Amino acid sequence: MGAHQHGSVELPRVPTDTDSEGRAVNEEALGALMGAVLKNCECVAEHLDEVAADAGCLVRLVTFSRLTALRVYHGELPGYMTDGDDRFSASSPELKRLVRAVTAGDPLVELCEQMTPAERRAAAEDALDALMGHLPLVEGLDETGTLAELCCQVGAVVIGWSSQAAPMAERELTEAWQKYQFGQREAGLKGTGADAVALLLGAVLHHQARTDEVTTDTIRELVFTRALPALEDPERAEEILRVFVAPPATEAFIAPIKRLARRDRAFLTDLCRHARHLLALHVENCPYGLREAGHECTVAHRLEAISGGSQPPVSTPAPGAPGEGRRVVLPRIGYREDRPAEGAPKGYPEDHIWHINVDRILLTRWDAEIARWNENIADDSSISGTPPYDNETGLEQFACPACKNQESFLVEGRWGDPLTLHCSCGVTIMSPIDGAPDDLGHCLLKRLILCEADPTYAARRLMPPLAELQEREQNRRSSRSYLGPEADTVALAEAVDLEQDALAQALAAVLRPRLPERHGGNALTLTLLEITYALSAPVVRDSDDGRRLAQAVHAFLTDLKQESDRWAPSRQPVPDRLQQWRDEGGPQVWQDAWERTIEVAGRHFEQYQVRDGRLSNGCAALTLALYLLAREREIGVEQISRDEVLTLIEPESTDATADAAAETADRWGARLQALGHDLDAGDDPVARMWRHLRPEVHVDSYSDKRQPALLVGLTAVVGPRSYYNIRF
C-alpha cells in the first residue's frame, strides 16, 4: 500500500460522537479508504476490510452516508436504504438495519459487534457505494428547508410562544424534566426539556404532514389539531418519534431522547402531556379562531413567527394601513377582572351595540416572572435580613399586543358579548367567543359599558373591595396572634395626609402612580390606586357616589392610623425597649444586671421588634434573675452563670400546671421582698418590673395554656429547647 500514490482523505465528522459511543475512531483507516476510492485504486477492497472490522469506523461511515442521503433527498431517506421489505433494492439488509438503528437512536457499536464479519463487510460496502453515488449530487443542491426541518421549526415556535403566553407551563416542563436527570445522564442527553418537546412536536407534525400529503410548499396548510390524537397515545407517539428522520441540526440530542423515551414510559408520557397542552393552548389563542366554532389552527396563522418576523402572530392585514384588518387575541394569562358589581344598565335594549371610546384601561395582573424571582430568593440561604421580595400582583395599563399603544381604544359589543377592542393602529383585539361568562373579556366589556352608561359606576364598583379590606382587617384583630396592622399597611396609612381636602391628590402624593408602567403592591395599595384614578375624574369625584367613596376611604385610613398608634410600642426595636427600662434607674446591682443583659442579648435581637413582648420580657426576666441571684449571694452579676439562671425556672416549666407556674412567679416576689423590696412600691423599678412580668400570657398562639410573662419570656431566651437559646 505504501507504493500507491494516493493520500489520505479525511471523512467529515458526524454532528455528534454518539456514533462511536465514546470509542476512538480509526481516522487513518477511514482516510485511507476514502483516498483509495477517489483515486479508484485497487487497494479499496483491502481498506474496506479494515474499516468493516472496526465497529467505530463502520458506524462513522454508515452515519455519514445516511446524512449525505438526507441532503440529496431533502430530509427524507430513500427506501433502498431503509425498507427491509424491498428484496430487490441495491442495499444489503445489514446496511438498512444500521440506518434504521441510527434513526431510532439505537446503540450502533453494540449492534455492529453483534454482526458477523461478512455482514459488517456488506454493510460497509453498500454504505460506501451509496455515499459515492450521492456525493456528486450534493454540490449545487437547493438549500431550502426540508419538510422535517420546517416541522421542527414549527415545534420550536410553539415552545417559544408558550413560554410567554403561559409561563407556568414552562415552569411545569422544567420541573418534570428535572425528574429524569439520572435517565438523561444514562442516555447521554445534553439538551433541555424544550428541545425534547419541540422534537416530539416536530416528529408528530411531520407524520401528520405526510398523512395529509402536505409538502414544503404547502406547509402553511398543516393543521395543528390533527396532531393531538397521536400525542394522546404515548405508544403511538413513541413509534412516530422512533422512525422520524430528524434534521441534522438535532443530532446532538435526537438519539438520546429516543433512547430515553423508549426506556422510560413515564418520561415519554410527560413529553406527550406537555406537547398536547401547548398545542391546545396554541390553538385556543389563535386569532382566526376567536369567532369561529370548531376552528382548526393551521401553520399559516403562525407563519410570521415561524419565519422570524418581529410582529406578533396575527392574521393577514387587509389593504390599507399597516395594521388594518389584523386580529390579535386578548392577552389574559395572569390578568384578572372582577365580576361587575351591577347588572346591565337600564334603559337600553338587550341587543344594543355599544361603541365606547376609552382613554386607558387598567387591569390587575399577577406576574409569573416576579413570582419565580421571589421563589429563588426564598430558596437562597445566602440572603440575610429581610429578603428583597417584589410584589407579584400589580396594576398596569392595557397595551395593544401589536403596537404597544396604551391609549385611545374603541370598544365594541353588546352586554354579555366577548370583548372587541379596536386600536388606533388598525388592529382588533378580541377575546374568544366560547369563553366563560366571567372571563377577562366578558367582565372587562361589562365594566366599560357600565362606566359609559354612568361614569359614577367607577366609584360604586370600588366600594365592595374596600369593604372587603375593612372586614379582613377586623377579622385579623379578633385573632389571638394579632399584633397590630401589617408593616406595609401602617406605612401607607401613616403617610396619607387626611387633612388635605382633595383625597385623590393626597393618595397620589403617597402612591406616586407609575402607570402606564406596572405598579405593584398589596391589596390595599392597588385598591387605593384604583380609587385615586376614579376620583381624579371630576364627574366621579363631585358625585354622591364619589363623595361616599372618599368618606369610606377617609374613615378606613383614620381607623388604621388609630390602630397603628395603639400598637406603636410593639414596633419598637427590642434593644430600644431594654434601654428604655434601664434608663428608669434603680440600685447599682440592678444597673449592672441591665448592662450584662443588653451586652449578651442586645446583639441577638438587634433586628427584632417587641411585637408580642416575648423577647423583651425574656430579657427583662433575665435581668431580674441576675439581680436576684447577685444580691442573694452578694457577688457581681458577671459571676452568675446561665445554669444558675435556669435553676430559677421549674423543670419542664412550659409543661407545668398554671398553679405551679404562678407559684414560681410568686416565689420570685417573695425573694425580692426578702431583699427589702416593696412589691407595691411605684418608685421602685425592680418592683415595677416584677409587677410587669407577673401577669399571665398565652404560652403560644396555638393553645389556651397561660403562664406568667416572666416564665414564658425567660424560657424563650434561655430555655434549652428555645430557638434563640442565648449563651452567656
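This is a predicted model: local features need pLDDT of at least 70, side-chain atom pairs count only at pLDDT 80 or more; totals for chains, interfaces and linings use all residues.
How many disulfides does the structure hold? The number is 0. The cut-off for a disulfide is a pair of cysteine sulfur atoms within 2.5 Å.

## The chain as a whole

The protein chain has 728 residues, and 49% of them are buried. Its secondary structure comes to 32 helices and 11 strands.

What share of the contacts between residues at least 6 apart in sequence joins residues at least 24 apart? In this protein chain the share is 71%. As for the surface, the chain exposes about 35300 Å², and carbon and sulfur atoms supply 48% of that area.

Strands of a sheet pair through backbone hydrogen bonds, and the pairing can be parallel or antiparallel.

At the β3 end, you can follow the pairing residue by residue. β3 and strand β6 (residues 409-413) run antiparallel and are joined by 5 bridges. One of the residues to look for is V358, whose bridge partner in β6 is F409.

## A sheet of four strands

A further open sheet is made of 4 strands in the order β2-β4-β5-β9, with antiparallel pairing. Here β2 and β9 (519-520) stand at the edges with a single partner strand each, which means that one side of each has no neighbour in the sheet. Helix α18 turns up again: it packs on this sheet, touching β2 and β4, and its direction makes about 150 degrees with that of β4.

Let us walk along the pairs. Strand β2 (residues 335-336) pairs with strand β4 (residues 362-366) in the antiparallel sense over 2 bridges. Y335 stands opposite R365 in β4, while R336 stands opposite T364 in β4. β4 also pairs with strand β5 (residues 393-397), antiparallel as well, over 5 bridges. In that pairing, W366 stands opposite T393 in β5. As a general point for reading such pictures, side chains in a regular strand alternate between the two faces of the sheet.

## A glutamate with partners from elsewhere in the chain

Is E530 buried or exposed? Its relative accessibility is 17%, so E530 counts as buried, given that buried means under 20% relative accessible area. You will find E530 in helix α23 (residues 523-535). Leaving aside neighbours within four places in sequence, E530 is in contact with L395, R461 and L462.

## Aromatic rings that meet

A pair of aromatic rings is described by the distance of the centres and the angle of the planes. The structure holds 7 aromatic pairs. In one of them, W590 and W594 have ring centres 5.9 Å apart and planes at 80 degrees, so the pair is edge-to-face. Both residues are in helix α27 (residues 588-601), and because they are 4 residues apart, about one helical turn separates them. W590 and W594 are both buried.

W590 forms an aromatic pair with Y627 as well, and this pair is also edge-to-face, at 5.5 Å centre to centre and 90 degrees between the planes. Why does this pair tie together separate parts of the chain? W590 lies in helix α27 and Y627 in helix α28 (residues 614-633), so the parts that the pair joins are 37 residues apart in sequence. Y627 is buried, as is W590. Together with W581, the residues W590, W594 and Y627 form one aromatic cluster.

Definitions and conventions
Residues are numbered from 1 along each chain as its sequence is written. Side-chain values use heavy atoms; hydrogens and water are left out. Two strands pair if DSSP finds at least two bridges between them. Rings of Phe, Tyr and Trp (its six-membered ring) pair if their centres lie within 6.5 Å; planes under 30 degrees apart count as stacked, over 60 as edge-to-face and the rest as tilted. Buried means under 20% relative accessible area, exposed over 50%, partly exposed in between (1.4 Å probe, protein chains only). Contact means heavy atoms within 4.5 Å. Accessible areas come from the Shrake-Rupley method with a 1.4 Å probe; for residues, only the protein chains shown count as cover. Axes are lines fitted to C-alpha atoms, for helices over the stretch in contact, and angles run from 0 to 180 degrees between N-to-C directions.
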